[in-house]
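Please keep the structure in view while reading.

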Amino acid sequence: MKEVCFVFASAIENNPDKIIKKYLEAGIEYDVKFLCSGEREKILKKDVDLDLKELEGYKIVCPIGAEALKYAAGMTGVQKYNGIYIERKYMPIMHPNITLIKPQLDEDIQRAFDKIPVILSGDDFNMAHAKDYCFIETEEQFLQYKAEIEAAPELVVDIETTSVTPRTGNILGIAVSTKPHQGLYFTIDIVRKHYDWFYQQFSTKKCIFHNAKFDIAYMAYELQFIFPDYEDTMLLHYCLEESVGTHGLKPLALRFTDLGDYERELDDYKKSWARKNKVKLADFNYGMLPSDILAPYACKDGDGTFQLYKKFKPLVEKSEQFSSLYTNILKPATYALMKLEKNGGPINKAQVAWLSEQYQIDVEECLDEIAHHEAVKRFERIHGKSFNPNSTMQCRELFGNILGIKLSKKTATGAASVDKEVLKDMEHPLSEAILDLREKSKMAGTYINNILKGVDYDGRLRSGFNIHGTTSGRLSSSGSLNYQNIPRDNKDIKKLFKARDGYKIVQCDLGTAEVYYAAVLSNDMFLQQAFIDKLDFHSYVAKQMFNLTCEVHEVKGLYPAYRQYAKAITFGIMYQAGPAKIAETVNKDAKAGEEISISQAKQFINKYFSEAKLLKRFIDGSNRQIENHAYIYAFFGRKRRLPEALSPNPGAAKHAVRSGVNFLVQSVASDINILGLIDLVTWVEDSGYDDVIKPFTVVHDSIVSEVREDLIPEYIANAKRCIQTDRGLSIENCPIKVDFEIGPSWGELQDEDEYYS
């Protein structure tokens with residue numbers, strides 16, 4: 001009998017051998033079976049006519065695709081389990097057809113097939129290793145491992161808690177490992193009993209975490225432990241593979257350790273326990289788990305983290321770019337972001353309550369206006385039900401059929417679209433009312449209510465910042481409030497962030513950051529000259545492009561349309577938009593009679609590059625790198641993998657190339673801001689200003705702080721110094737411009753000069 005069997009969902013796969021032989025090492029014999037003998041695009045359980053007993057006896061059963069995995073192995077999540085040898089029997093593989101849509105997955109499929117000869121040879125790295133796990137709840141157990149921990153040069157540390165934030169939960173216990181395949185779970189009572197000993201171990205040894213920011217912040221808040229020397233396997237993996245959503249401990253342990261899918265075991269227990277005790281899963285926390293269930297899970301977390309560390313750390317150290325990124329940006333930023341999260345933003349609770357009421361009134365008025373419109377009444381008479389303004393189907397019926405408005409835009413499925421853009425273009429009272437309702441509902445639900453629920457007892461709103469949450473390197477935000485998604489122009493929400501008496505909110509912004517760094521990276525003197533001469537960049541470009549006779553500082557007042565053209569052209573060129581897209585962007589903001597044609601846009605692009613020759617060379621060279629290799633490195637060592645650049649689909653390939661070039665500029669602007677934040681937080685601490693200067697958020701290229709009024713000039717001087725430090729990426733004698741705004745709240749800011757005038 002052969003040792004390998006590939007299971008396909010349906011006999012519609014008329015040539016499975018062709019698929020298999022594309023990926024599988026030659027010489028390996030295998031069988032092919034179909035769950036369903038009929039040719040079906042999609043199968044149901046009743047369609048399965050394969051006797052699953054036929055799969056017994058094989059060393060490896062490879063379900064190909066989601067349906068094969070579901071019915072052959074009783075599991076879901078083919079992408080999660082791709083290439084993982086489960087239960088020493090199943091090894092799911094994504095169906096190669098998925099590469100037609102996502103060519104970047106071809107490498108993952110190939111890696112899965114490459115595992116087959118390894119497993120057959122008995123060399124699979126996932127073969128289970130003997131474990132040393134112990135639940136330490138007695139003094140005798142503590143003494144058994146005390147000397148071993150003292151002798152260890154490095155420790156994995158992992159905590160189990162009742163909540164995701166330290167102010168709303170407690171630590172249940174701490175898992176410690178001195179080596180891979182070991183897990184020692186100490187109850188919080190043992191930790192408190194030997195507090196000084198644990199403090200000494202953690203403060204004098206290298207401690208390894210997975211998501212250090214969470215564990216360190218939690219232990220600092222509840223136990224005042226410090227960790228001067230630490231490593232973070234989550235950030236190590238982020239260096240090696242920047243894809244969003246791939247850095248969790250359990251998925252990585254599944255891929256790279258011998259622990260298997262231990263999270264699934266715990267999830268099954270949680271669901272069973274919640275059903276039995278009539279508790280919603282959303283309300284479940286680890287404090288509800290019996291110790292004998294939680295302890296092995298915690299031990300596996302510690303073991304998994306150590307195994308990942310031993311795999312990831314050497315790979316990062318081997319790369320000069322990754323090592324620099326990890327050491328100089330990611331780890332220091334972790335500490336700085338902990339400070340931001342600890343500080344939190346100052347909230348005016350009374351203003352929040354008042355604004356909540358006002359928005360509720362606005363929502364009710366919008367609903368009333370919509371309900372009394374004659375077209376809505378007609379809809380309700382025809383369909384015999386109330387109109388739901390949040391229903392796409394009902395809006396499509398209302399505007400398309402009852403009002404007879406032509407809906408020219410289509411969705412991806414070919415249906416008529418009634419999205420925000422379509423409703424805005426209608427310029428109809430009813431579409432405006434629905435847009436207003438959606439906007440007000442979003443503000444009330446997404447922002448105001450979350451602020452109300454999230455503000456702490458001390459009047460500060462603490463949220464999370466993630467340095468591993470984007471492929472570009474920009475920060476992402478999570479928790480009570482997503483700072484990155486606060487509408488830029490909505491002052492209502494930002495006014496809720498009000499400084500204490502005697503304090504002001506100070507925001508600093510990098511000036512024209514992406515253009516500045518494009519000028520530096522390309523070494524293009526046409527672009528750099530505007531910054532050297534301290535000119536408004538877009539006015540400078542407009543004067544050059546359109547041969548304006550006025551001075552640069554007069555362009556904004558005399559020729560605002562030309563300045564807007566120049567701005568659209570600059571960003572369009574940087575992001576490699578074509579003439580049609582640039583013309584469309586320009587014309588969106590153009591006044592009557594000021595629109596430009598596609599041919600004019602093409603002329604502008606040609607003229608721009610006739611001046612900015614080195615920018616053109618930089619873009620073309622970057623394009624070639626991505627087209628040939630499907631990856632590119634940014635200045636500070638970040639790598640962006642772009643496998644879609646090799647796609648046979650020209651649209652997908654071009655989009656990948658454009659994304660890669662955008663990444664070169666965006667990542668640098670973000671990293672400069674983060675490096676400035678790191679130095680700023682250090683200055684605040686070293687100056688003893690922790691209580692009187694509180695940076696509390698970073699939004700794209702800005703840093704926002706609460707500052708005592710008498711310290712504002714000193715703060716501005718040092719924030720500027722920190723951000724403008726030359727990190728090898730500046731125009732000589734011309735650091736990037738940093739703008740400051742000051743005000744009583746985040747929504748009431750004035751320019752620095754205006755504030756002091």
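## Terms and basis

Two residues are in contact when they have heavy atoms within 4.5 Å of each other. Helices (H or I, at least four residues) and strands (E, at least two) are DSSP runs, numbered from the N terminus.

The model is predicted: local features need pLDDT of at least 70, side-chain atom pairs count only at pLDDT 80 or more, and totals for chains, interfaces and linings use all residues. Residues are numbered from 1 along each chain as its sequence is written, and side-chain values use heavy atoms, with hydrogens and water left out.

## Helices H11 and H12

Two packed helices are described by the angle between their axes and the distance between the axes. Axes are lines fitted to C-alpha atoms, for helices over the stretch in contact, and angles run from 0 to 180 degrees between N-to-C directions. Helix H11 (residues 262-277) packs against helix H12 (residues 291-318) at about 160°, and their axes are 11 Å apart. H11 and H12 are therefore roughly antiparallel (under 35 degrees counts as roughly parallel, over 145 as roughly antiparallel, 65 to 115 as roughly perpendicular and the rest as oblique).

On the H11 side, Tyr-262, Glu-265, Leu-266 and Tyr-269 meet Ile-293, Tyr-297, Lys-300 and Asp-301 of H12. The residues of this contact comprise five nonpolar, no polar and three charged. Here Ala, Val, Leu, Ile, Met, Phe, Trp, Tyr, Cys and Pro count as nonpolar, Asp, Glu, Lys and Arg as charged, and the others, Gly among them, as polar.

## Helices H26 and H27

The axes of helix H26 (residues 598-611) and helix H27 (residues 613-629) come within 5 Å and cross at roughly 100°. That makes H26 roughly perpendicular to H27.

Tyr-608, Phe-609, Ser-610 and Glu-611 in H26 touch Lys-613, Leu-615, Lys-616 and Ile-619 in H27. By class, this contact has four nonpolar, one polar and three charged residues.

## Cysteines

How many disulfides does the count come to? With a disulfide taken as a pair of cysteine sulfur atoms within 2.5 Å, the count is zero. The sulfur of Cys-239 is 20 Å from the closest cysteine sulfur, in Cys-207, which is too far for a bond. Cys-395 is likewise in no disulfide, and the nearest cysteine sulfur, that of Cys-366, is 13 Å away.

Cys-239 has 2% relative accessibility and so counts as buried (under 20% relative accessible area; exposed is over 50%, partly exposed in between, with a 1.4 Å probe and protein chains only). Cys-395 is buried, at 0%.

## Asn-673

Asn-673 lies in helix H28 (residues 650-686) and is buried, at 2% relative accessibility. Leaving aside residues up to four places away in sequence, Asn-673 touches Leu-510, Val-698, His-700, Asp-701, Ser-702 and Ile-703.
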